[in-house]
Amino acid sequence: MVGIVVCLSFSLAALAVTSTSARATIGRPTSSNRVACVPTVQGPIPTDPSSPGFVAVLQAAVPAGFVDQEFFVSCSSPAITYTTAVFVRRPATASRASGIVAAEPLHSSGIWGMQTLLQPYFVTHDDIHVGVAASNDVVENLVKKANPTRYASLHVPATTDATDDILAGVGALLHQRRDPLLPGVRVRSAILGGWSQTAVVTRTFISSPQATATVDGRHVFDGFFPGQAAVGSAGGSQVKAVPDVGVPVMELQGERELLVTIAVYGSLGYRRPDSKTYRLYEVAAMSHINSEPDNPVSAFAGSLSCDWPTGATASAFRQTDIWDMAFDNLVHWIDQGVPPPRAPRIQLEPDGKTVKRDANGNAVGGVRSVFVDVPTASITPTSLAPGGIVKNPCAYVGYQLDFSPARLQALYPTHARYVAEVRGDTNRLVRERFLLRDNARDLVATAEQAKVPG
């Protein structure tokens, strides 16, 4: 019961070019290694009703105290020539910005995956989001089509290494002493990440020569955050383990991604041991797309009609809690040198292909949550399309079968007992750094309102 996601895969190119930026600090040029060039910058590009800018699919409104800006970045070198768009969402007051920058390529479906899943976290912490139109297909099929006149000057070659070169160039820009994309902001850490297809792009970058590129002696990215890399039928980087590259890598794979990888390839090629610079978090019960009512992605998930067993409802699993926790751990790892906790892998049966399940029908092992530790339902993180067909988009979403009143009564004789178990589990997860305290409070408040045991 698994869907096959077809994703882009980029081959790797070994490139080592030293360049000097036209935007470098006066008297001290920016030096870079393995960066095709440090791009020049035009902008912010004015936006008005007569010349609207590109807006991503499911993009949340600009939060109070933040601004959206758009820039064109250009490179002309023996390795590559391009002009593309970079989209910045940052605190309106530069001095208020945290200095943490989350950069991601634009998804081929037009989504900023990290921004969609992490926007409340970014706003709370005054973090900056930088979105990059980093490939020929998104420039030609999404950005240019949004406003052909405004974006007429954009051009990205349809070559296998163009995306890696563009992303390395943007990372170099972010680390310049006078950053033209973020004037007045001291960038402490630039993190390249993505969700689904753009997690595949991020994993490809990690395996490329550009992953160890430097600008003024610093890596162009201080860390990487690939989340839920969708697994395609063509193979490639999404099913290979990423290497250690000298900076922290935090990789998220939900139970659904594990199921898909096994179904398509028969093994889990992305798995590798944790190290001084790598963590893999496999998350029990996590689907590819969430259905949380306060997240924009839920609008998509809620529009689907999938083939669920009688009595099933949409999974109540809170995916954004996991993203918040993992990103927060990565930031502390990069910024303060505090390694994240290591997590066990989701357990498999002896055949190496079947997820081991507990008496409640939920996965054993992996990163835990109250949804599997203090369960009120068995959660399946993927669905069949109508007619029992294995097909996206239903395979993206999960469902749950709620326990009967009698089962709930047996597990939690009183409502107070249930709330106490939720509180105890969330306290433990906070101590172990697998849950943020604010999210723990929300989970306890939800438990207090739940009709459990009934």
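## Cavities

A cavity is a set of grid points where a 1.4 Å probe fits but cannot get out. In this predicted model, a search of the whole structure finds three cavities of 30 Å³ or more. The volume of the largest cavity is about 80 Å³.

The residues lining the largest cavity are Phe317, Arg318, Asp321, Ile322, Arg368, Ser369, Val370, Phe371, Leu429, Phe434, Leu435 and Leu443. Two elements give two or more residues to this lining: helix H7 (319-336) and helix H8 (370-373). Sorted by class, the lining of the largest cavity holds eight nonpolar, one polar and three charged residues.

## The largest pocket

The largest pocket has a volume of about 540 Å³. Its lining is made of 28 residues, and those nearest the centre of the pocket are Pro120, Asp294, Thr320, Asp324 and Asn439. Helix H1 (113-125), H7 and helix H11 (437-449) are the elements that give two or more residues to the lining.

Of the elements, H1 gives the most to the lining of the largest pocket, with eight residues. By class, this lining has 10 nonpolar, 11 polar and seven charged residues.

## The second largest pocket

The second largest pocket holds about 360 Å³ of space. It is lined by 17 residues, of which Ala316, Phe371, Thr376, Tyr418 and Thr446 lie nearest its centre. The elements that give two or more residues to this lining are H8, strand E15 (377-380), helix H10 (415-431) and H11.

H11 gives the most to the lining of the second largest pocket, with three residues. The classes in this lining are 13 nonpolar, three polar and one charged.

## Helices H3 and H4

Two packed helices are described by the angle between their axes and the distance between the axes. For helix H3 (residues 162-174) and helix H4 (residues 197-206), the axes come within 10 Å and cross at roughly 85°. Angles of 65 to 115 degrees count as roughly perpendicular, and H3 and H4 are therefore roughly perpendicular to each other.

On the H3 side, the contact is made by Thr163, Asp164, Leu167 and Ala168, and on the H4 side by Val201, Thr204 and Phe205. By class, the contact of H3 with H4 has four nonpolar, two polar and one charged residues.

Key: Residues are numbered from 1 along each chain as its sequence is written. This is a predicted model: local features need pLDDT of at least 70, side-chain atom pairs count only at pLDDT 80 or more; totals for chains, interfaces and linings use all residues. Side-chain values use heavy atoms; hydrogens and water are left out. On a 1 Å grid over the protein atoms alone, a cavity is a set of points where a 1.4 Å probe fits but cannot get out, and a pocket is an open set with protein on both sides within 12 Å along at least five of seven lines; lining residues have an atom within 4 Å of a point. Grid points are joined across faces, edges and corners, and a volume is the space filled by probe spheres set on the points. Helices (H or I, at least four residues) and strands (E, at least two) are DSSP runs, numbered from the N terminus. Ala, Val, Leu, Ile, Met, Phe, Trp, Tyr, Cys and Pro count as nonpolar, Asp, Glu, Lys and Arg as charged, and the others, Gly among them, as polar. Axes are lines fitted to C-alpha atoms, for helices over the stretch in contact, and angles run from 0 to 180 degrees between N-to-C directions. Angles under 35 degrees count as roughly parallel, over 145 as roughly antiparallel, 65 to 115 as roughly perpendicular and the rest as oblique. Contact means heavy atoms within 4.5 Å.
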